[in-house]
Each structure stands twice: as structure tokens, then as C-alpha cells.
Amino acid sequence: MLGVYVHVPFCLRKCHYCDFYSRPASGEERERYLDLVCQETEAAVRQVPEREVDTIFLGGGTPGLLGPEGIKKILQAIAGNFHIINTVEITMETNPGANRDIWPLMAAAGINRVSLGAQAAQERLLRVLGRCHTWQEVQNTVQAVRRAGLTNLNLDLMYGLPGQSLADWQETVAAALALEVPHLSLYALKVEENTPFDRWEREGRITLPEEEEWAEMYWWAREKLETAGYLNYELSNFARPGFECRHNLKYWRRQPYLGLGPAAHSCWGNVRWANPASLEEWEAEVRARGWSGQLVERLSEKEILAEQVILGLRLAEGVVLTPEIEAEWSAVIASLKQRGLVQVSGNRLKLTRQAWYIANEVMAEFI
Ligand code: SF4
């Protein structure tokens, strides 16, 4: 079955660390975007290998800015062109602090999972990040979302921030746990090029925690959350059993997904596509061709296998150790096993616990 990702490229303002494609927009721009995304949906259905959809993810950007009517319009366009199964997971990312009355309408529009960018429990750190909300608004939004019957909730939290101590991080994780959401995503800050953080770091205006401090934050949180009953089912993601994000699992299990909207990506079989990462170029492509996806690459058999291993190792369940994978990387796997970085359990290859923090180095051996 297919997953559908819709990129909504609008935010109230840019956070200081963010390099996702998003920008502020007028009401008129948002309306135009909605018409175009519906047009693109109609055209995309002729490109994809299957029409049964079991996950939809509205990401961004801040999809909540489209309001319940905008969200409904997108979901109706998908429903009108694809077959959405009854048990579909429909996630919407948004920021805390939105109008609290919208949640019953979002639920009525079809949203059944909400992902909130919470990031930190300290107002001073939220200001450093350039976030446009307070922790009180995180708490209020979680309550409002729940009151609307939406219980499948995620909070994004960030560690390794400028000026963030271990005690700050512990306070953030504890505050998130107190909200009893079933899913938490913990992201280490990565300073991306051409962001204010990038410039400020070069100018010496911000200082990031040392490597050991990051590691301590990661391990502390992991133990705390596991003790509280969360599974660290993917490197950065923790869920109570049954609340894993089904859409994101598709990426890591290398299952097919279609991307709609500017800067969205698609993948099925051995091909990968990318939509133009500019609202203007995307609009021109949709008007000219319908679906804006442009072929990025056709993968060879070996590249597909490597991708399966690299993505699968991100997961606690690991990757099925097929004869093809064994034949291709037997020496690499033997060496990683000897160093205690991977293990074989049943027919699956997995990272060992100690390898999780250096997962990228382990994965690099399969490239
Ligand atoms: S709200 Fe999210 S997408 Fe928008 S600027 Fe901030 S981090 Fe980026």
C-alpha cells in the first residue's frame, strides 16, 4: 500500500535552525497552494504503482496554518483519487499555540494523529531556537487535541542546543512525560548551512554542547523513556506499543510513498523522484504537467539492497538478513559483529545497543 506525504511550505516565521522549505504566506498564496495541490493529486494518481493508501502525512512547514477547511480540501482530493483504507493513519504536523477550537474540526476533517513541535520546556531555549510558542502553549494544545478525541499524539523535542544543560534536557523530557503522549521524537540539533545558527556558530555567538554532553543527554533520555514503557523503535523515535508512526515506518522499511507539494519526495521500486523545492517552480510544473515529480535517480539492485540495510538498521526490528545481503556484505557484517556493533537475531540484522549512538558510522560501511 502507498503512503502519501503532502508538504505544506508555510510557517508563521522561520526558526533559527530550520532549513526545511517553508516561508510565511498570505491568505491568497495559501488558497492558490490548495488548488494546486489538489490538481497535483489528480495528476499523480496516473504515475503511482498502486492506489490503496494506508498512511497520509501532512508535514512542512506548518500544515495547521491551512485551517480545518484547507486540510479537509487536501484530504478530499486524496480520497477522490485514491482508495483510502478504513484504518488509515492521517498525521498532521503543527505548532503549539494554534487556535484551540480548531481541533474538533481537524478531527472531523479526518486527522487522527497529531505531531507537535514542542522542542524545549524552557522559555529561554525556545527563544534561542526562534520558536513562536511557549511551553504553556504546548500543554494547552495537548489538552485541546485530546479533548477533541485525538489521542495519537507526538511531541518533537530537541537536545544538543546552545546553552542547554543536562538539567534543562532532563526537565524537558520529564515535562513531556508528564503530558503522557504516546510518541516522542528526540532530535539532536544539527546546524544546517545557511541558517542563522550556522552564521551565529561561525561568529562565535552560540556555543554547542560538547560531544560527551550530547551523548549523555541521549543515553539519559533513552533509559528514562524505556523505563517509562516507551520503545526506542527507531534511532530518534520512541513510542508506547502500537503507537509507532506507521507513515515514517514506510520510509525505513523502504515501502512506496508519493510526495505532493513543493520539495516533497517520492519513491517506489527502483526510482526516486523530487518535486521542485521552490513554490514558484513547483507551481509552474503543476500547471504545465500536473504532477511535478522529477526523476532523481534509478537505483541499481545493489543500491536498493544498501538502502534496505541502511534504513532497516535505523529500526529496533532491524532488517531481514536475506541471502543477497549476506552475499554482498559478509565481510562487513562479520567485522561489525566482532566489534560488537551489530547482532543477528532470528533472521534479522540489528544494531547492538552500544552502536545506536554511532549508527551513522556503522551504516557508512554498507555504502
Ligand atoms: S515551524 Fe518547523 S518548519 Fe517552520 S520554520 Fe520552524 S522548524 Fe521550520
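Which residue of strand 15 is the bridge partner of V344? In strand 15 that partner is L349, and the views below place this pair in its surroundings. This is a predicted model in which local features need pLDDT of at least 70 and side-chain atom pairs count only at pLDDT 80 or more, whereas totals for chains, interfaces and linings use all residues. Residues are numbered from 1 along each chain as its sequence is written, and side-chain values use heavy atoms, with hydrogens and water left out.

View A. Strands are DSSP runs of E with at least two residues, helices are runs of H or I with at least four, and both are numbered from the N terminus; two strands pair if DSSP finds at least two bridges between them. Strand 13 (residues 319-320) is joined to strand 15 (residues 348-351) over two bridges, with V320 opposite R348 and V319 partnered by L349. Strand 14 (residues 342-345) pairs with strand 15 over four bridges, and in the hairpin of these strands, which has two residues between them, G346 takes a positive phi near 65 degrees.

**View B. Helix 1 (residues 27-44) and its cover.** This helix of 18 residues reaches 25 Å from its first C-alpha to its last, close to the 26 Å expected, where the expected span is 1.5 Å times one less than the number of residues. Its buried residues (under 20% relative accessible area, with a 1.4 Å probe and protein chains only) include Y33, L34, L36 and V37, and also E29 and E40. Among the elements that cover these buried residues, with contact meaning heavy atoms within 4.5 Å, are strand 1 (2-8), helix 2 (67-81) and helix 10 (279-289).

**View C. Helix 2 and its packing partners.** Helix 2 has 15 residues and reaches 22 Å between its first and last C-alpha, close to the 21 Å expected. Its buried residues, including G67, P68, I71 and I74, pack against strand 1, helix 1, strand 2 (52-60), strand 3 (83-94) and helix 3 (102-109).

**View D. The residues around the ligand.**

Conventions: Buried means under 20% relative accessible area, exposed over 50%, partly exposed in between (1.4 Å probe, protein chains only). A residue is near a molecule or strand if one of its heavy atoms lies within 4 Å of it.
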